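The tour goes from one selection to the next.

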Amino acid sequence: MRIVAGTLEHVEPWARLRAALWPGETAREHRLELERLFLAGDARAAAFVAERGPGDLVGFAEATLRGDYVNGCETSPVLFLEGIFVRPDQRRQGVARLLCDAVAEWGRMRGCREFASDAALDNVVSHRFHAAFGFEETERAVFFRKRL
């Protein structure tokens with residue numbers, strides 16, 4: 001298992017993994033977003049993929065440096081885990097830890113002292129994942145809107 005920075009050669013399988021995590025968009029839409037966000041050379045965004053071999057991706061982690069306020073954090077910039085996914089058949093084998101370690105090191109190298117993330121209130125699997133990796137819950141929120 002290798003953890004490497006996501007590149008253009010990873011886009012197709014990476015987009016499929018993203019579609020499994022965020023099914024509200026098609027793999028094609030994810031591919032376009034990958035090209036725009038992570039492959040365009042934005043120094044404030046990074047992504048790592050876990051591969052067993054060429055083209056055989058089993059997971060990914062994406063992160064950004066956030067300079068605006070991040071709930072529960074005290075410093076800036078904050079390393080923010082935008083998304084992480086490991087194929088179900090590859091879970092509980094240390095892949096997510098390796099991906100998080102790569103993200104954390106990338107953030108440290110850019111001066112970050114805090115690593116943040118979020119999850120939906122009802123996503124208890126994600127809550128357990130974050131706790132297992134040393135994240136501490138800082139606050140909960142419910143968002144509202146009113147159509148005008």
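A residue is called buried when its relative accessible area is under 20%. Keep that cut-off in mind, and note that this is a predicted model.

**Stop 1: helix H3.** Select residues 95–109, which form helix H3. This helix has 15 residues, and the distance from its first C-alpha to its last is 21 Å, close to the 21 Å expected at 1.5 Å a residue. Which residues of H3 are buried? Color Val95, Ala96, Leu99, Cys100, Ala102, Val103, Ala104, Trp106 and Gly107.

Then go past the end of H3 to Gly111, where phi is positive, near 85°.

**Stop 2: Arg18.** Move to helix H1, where Arg18 is found. Is Arg18 buried or exposed? Its relative accessible area is 3%, so Arg18 is buried, being under the 20% cut-off. Show the side chains of Arg18 and His30: they make a polar contact at 2.9 Å. Leaving aside residues up to four places away in sequence, Arg18 touches His30, Glu33, Leu34, Phe38, Phe60 and Glu62.

**Stop 3: Glu12.** Stay in helix H1, residues 11–21, and select Glu12. Finally, select Glu51, which is 39 residues from Glu12 along the chain; their C-alpha atoms are separated by 13 Å.

Note on methods:
Residues are numbered from 1 along each chain as its sequence is written. This is a predicted model: local features need pLDDT of at least 70, side-chain atom pairs count only at pLDDT 80 or more; totals for chains, interfaces and linings use all residues. Side-chain values use heavy atoms; hydrogens and water are left out. Helices (H or I, at least four residues) and strands (E, at least two) are DSSP runs, numbered from the N terminus. The expected span of a helix is 1.5 Å times one less than its number of residues. Buried means under 20% relative accessible area, exposed over 50%, partly exposed in between (1.4 Å probe, protein chains only). A polar contact is a pair of N or O atoms within 3.5 Å; within protein, one must be able to donate a hydrogen and the other to accept it, and residues adjacent in sequence count only if both atoms are side-chain atoms. Contact means heavy atoms within 4.5 Å.
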